[in-house]
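Me: I've got this model open and want to talk through its ligands, one site at a time. Can you take my questions as they come?

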Amino acid sequence: MPTMLTDVFRGHPIHLPHSHQPDFTSLPELPDSYTWTSKDDPLFTAPLSPQAAVENIPLIDLNHPDAANQIGHACRTWGAFQIANHGVPLELLQGIEFLTGSLFQLPVQRKLKAARSDTGFAGYGVARISSFFNKKMWSEGFTITGSPLNNFRKLWPKFHLNYCDIVEQYEEQMQKLASKLMWLSLKSLGVSEGDIKWATVSSDLNWAQSALQLNHYPVCPEPDRAMGLAPHTDSTLLTILYQNNTAGLQVFRDDLGWVTVPPVPGSLVVNVGDLFHILSNGLFKSVIHRARVNQIRSRLSVAFLWGPRSDTKISPVPKLVSPDESPLYRSVTWTEYLRTKATHFNKALSMIRNHREE
Ligand SMILES: C=C1C[C@]23C[C@H]1CC[C@H]2[C@@]12CCC[C@@](C)(C(=O)O1)[C@H]2[C@@H]3C(=O)O
Ligand SMILES: O=C(O)CCC(=O)C(=O)O
Ligand SMILES: [Fe+2]
């Protein structure tokens, strides 16, 4: 039996005293513990791209005949793109937004009944990467993998079944979409299903697994000095992100600085994760992104974090490695990678890298 995502952080506890945290969502001013400077995060004061209006991650119509190449280009240049005509029913997007909103509106004491434990994967709490930063993030999260039934029962003693149903439908749609996006982007590199055996053993997608991360960024009294979610790359193959109609997500480009991803109603944001970077032998870039907050409207997002089954070794596709060079990365399972990330955070990718002899 391969390790499931639920077991990934056994032996990798994060000690974060969520239960002793006051209800920060209603603080009248920003406490020092939530005030960020470039000492807390070197990218905190990196410039906001002045060109964001002209240069932004592409919005790709999945029905366009050239969608594969557009996606491929976006994965190589940005590591992120938005998609329209993705086929996920609008009611389902509204449903997951409603669920997320009602979850975070619950009283803190109720949410804490479903708190994530130090070594746990699922439940309510601060972002796992919080332990790498000295300051607190202006957000709260809820992680789901497998059935949310037990946790949802604690949150909503009466209506948990309706909410479980929404999660199940949402995950089903996301799985189909994620695999479609993976094959479209690989197609642009000349890689087809026959080239990746672990992903084609069966068509019912049991070569993949996933988690859902619900995020809430409450209204903040001093948004310019606060951080919603600190810069990171996702440890996934792909992440599909739904954001409500409030801006906050930013992606980083070395040549542009921070670029705000404007919410486009009905569309979804897709991020290249570290495992896709490895699989593509570095051709696709896992994108550094963060979430900022604002003083007027609270923000919700739902990230579908998608990767291979835990026993699958991910390594660069041989076709993408030139014959006289070794692959850029050694092989790694999702579980191994998540554990490396839990200990070494943004050094994780370079730790998997093969060092070429000159
Ligand atoms: C499957 C995943 C991916 C995780 C860990 C685990 C469950 C929660 C995911 C996130 C979600 C929020 C950002 C992040 C950086 C975090 O702190 O928790 C993500 C992390 C990763 O992509 O590394
Ligand atoms: O809230 C957002 O826009 C980003 C969320 C995110 O990056 C994540 O959950 O991994
Ligand atoms: Fe992320």
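Me: Which pocket does ligand 2 sit in?
Reply: Keep in mind that this is a predicted model. Strands S5 (208-217), S6 (229-232), S11 (289-291) and S12 (299-308) each give at least two residues to the shell around ligand 2. As for the pocket, ligand 2 sits in the largest pocket.

Me: How many residues are around ligand 2, and which come nearest?
Reply: By class, the shell splits into six nonpolar, five polar and two charged residues. That shell has 13 residues, and the nearest are Asn215, Tyr217, His289, Arg299 and Ser301.

Me: How much of ligand 2 does the protein bury?
Reply: Start with the polar contacts to oxygen atoms of ligand 2: a side-chain atom of His289 at 3.0 Å, one of His232 at 3.2 Å and one of Asp234 at 3.4 Å. Taken alone, ligand 2 exposes 300 Å², and the protein buries 95% of that.

Me: Which residues coordinate the iron ion (ligand 3)?
Reply: Look along the chain for the spacing H-x1-D-x54-H, which the donors of the iron ion follow. The distances run from 2.1 to 2.2 Å, and the donors are His232 (NE2), Asp234 (OD) and His289 (NE2).

Me: How far apart in sequence are the parts that aspartate 234 and histidine 289 tie together?
Reply: Both residues are donors to the iron ion. Aspartate 234 lies in the loop between S6 and strand S7 (238-243), while histidine 289 is in strand S11, so the pair ties together parts that are 55 residues apart in sequence.

Me: On to ligand 1: which helix gives the largest share of its shell?
Reply: The residues around ligand 1 include Phe121, Gln213, Leu305, Trp334, Leu338 and Lys341. By class, its shell has six nonpolar, three polar and three charged residues. The largest share, three residues, comes from helix H7 (residues 334-344).

Notes: Residues numbered from 1 in each chain as written. Chains lettered and ligands numbered in written order. Predicted model: local features only at pLDDT ≥ 70, side-chain atom pairs only at ≥ 80, totals over all residues. Heavy atoms only, no water. Near = heavy atom within 4 Å. Polar contact = N/O pair within 3.5 Å; in protein donor to acceptor, adjacent residues only side chain to side chain. Areas by Shrake-Rupley, 256 points an atom, 1.4 Å probe, with all protein chains shown as cover. 1 Å grid on protein atoms, 1.4 Å probe; cavity = no way out; pocket = protein on both sides within 12 Å on 5 of 7 lines; lining within 4 Å. Sits in = over half its atoms within 2 Å of the grid points. Helix = DSSP H or I, 4+ residues; strand = E, 2+ residues; numbered from the N terminus. Nonpolar A, V, L, I, M, F, W, Y, C, P; charged D, E, K, R; others polar. Donors = N, O, S within 2.8 Å, 3.2 Å for Na, K, Ca; no water.
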